[in-house]
Amino acid sequence: MIEDGTEAGEGSEAEARAAIAPDPGPDPAEVTDLDPDGSDAVMVILDVTAADLDQLVEAARVGHREAFDELVRRTHADTYTLARRLVSDDEDAQDVVQEAYLRAFRSIRKFRGEAQFTTWLYRITANCAATHLGRRRRHRHDELDEEVAV
C-alpha cells in the first residue's frame, strides 16, 4: 500500500510524482545509521570539506551524497593517474575513471573498511581498466591499405 492509499503498480499519483521528482535522500547535514545494537545513531557532517577521508567514507556508506562527491574530488587526480598509466590514452582513462566511480558509488555500502578506501578504489579502477582494455582488444580493427585491391 502506498501513502496515498493505492496499491503499488496501479500507476498512482505518488508514483508519477516520484518519477518526475525523485526523493532527494537524506538531509545533507544529517545522516542516520543503525548502530550494531539496533539503536539509531546520527552522524552529522556540516562541512564535508573539513571532514577526513574516513569520516567521508562512513557518511557516504549511509547515503550522504555530498560526502561521496567530496571523496571524488579528493581522490580524482590519483585515480586518473592510475587509469592513465593502465590504458595509455587520455580519453580511455577518463572513461575508466568514470566507470570506477560509478561502480564505487553503487558498492560503497558494501565497503568493509578492511583496507583503506583509496586501496579499494584503486582496485576498482584497475579492474575497470582491465575490462576496458579487453573490450578494446575484442573490437580492434586493422586498417586496410589503400593500395590493396578489393
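## Helices H3 and H4

How close do the axes of helix H3 and helix H4 come, and at what angle do they cross? In this predicted model, the axes come within 9 Å and cross at roughly 140°. H3 covers residues 65-87, and H4 covers residues 90-107. The two helices are therefore oblique to each other. Their crossing is right-handed.

On the H3 side, the contact is made by Arg-65, Phe-68, Val-72, Thr-75, His-76, Thr-79, Tyr-80, Ala-83, Arg-84 and Val-87. H4 contributes Asp-90, Asp-92, Ala-93, Gln-94, Val-96, Val-97, Tyr-101, Ala-104 and Phe-105. By type, the residues of this contact are 11 nonpolar, four polar and four charged.

## Helices H4 and H5

Two packed helices are described by the angle between their axes and the distance between the axes. For H4 and H5, the axes come within 8 Å and cross at roughly 130°. That makes H4 oblique to H5. The crossing of this pair is right-handed.

From H4, the residues that meet H5 are Asp-92, Asp-95, Val-96, Glu-99, Ala-100, Tyr-101, Arg-103, Ala-104 and Ser-107. Facing them in H5 are Trp-120, Leu-121, Ile-124, Thr-125, Asn-127, Cys-128, Ala-129, Thr-131, His-132 and Arg-136. The H4 and H5 contact divides into nine nonpolar, five polar and five charged residues.

## The nonpolar core

In soluble globular proteins, nonpolar side chains tend to be buried together. Here the largest nonpolar core has 25 residues. Those with the most contacts inside it are Leu-56, Ala-60, Phe-68, Leu-71, Val-87, Val-96 and Phe-117. At least two residues of this core come from each of helix H2 (53-61), H3, H4 and helix H5 (117-138).

## Val-96 and Thr-75

Which residues does Val-96 touch, not counting residues up to four places away in sequence? They are Ala-83, Val-87, Thr-125, Cys-128, Ala-129 and His-132. Val-96 belongs to the H4 side of the contact with H3. Val-96 also takes part in the meeting of H4 with H5.

Thr-75 lies in helix H3. Is Thr-75 buried or exposed? Its relative accessible area is 3%. The cut-off for buried is under 20%, so Thr-75 is buried. Leaving aside neighbours within four places in sequence, Thr-75 is in contact with Tyr-101, Phe-117, Thr-118 and Leu-121. Of these, Tyr-101 is among the H4 residues in the contact with H3.

Terms used. Residues numbered from 1 in each chain as written. Predicted model: local features only at pLDDT ≥ 70, side-chain atom pairs only at ≥ 80, totals over all residues. Heavy atoms only, no water. Axes fitted to C-alpha atoms, helices over the stretch in contact; angles between N-to-C directions. Helix = DSSP H or I, 4+ residues; strand = E, 2+ residues; numbered from the N terminus. Parallel < 35°, antiparallel > 145°, perpendicular 65-115°, else oblique. Left-handed = near helix turned anticlockwise from the far one by under 90°. Contact = heavy atoms within 4.5 Å. Nonpolar A, V, L, I, M, F, W, Y, C, P; charged D, E, K, R; others polar. Core = buried A, V, L, I, M, F, W, Y, C linked by side-chain atoms within 4.5 Å. Buried < 20%, exposed > 50% of the residue type's maximum accessible area, 1.4 Å probe, protein only.
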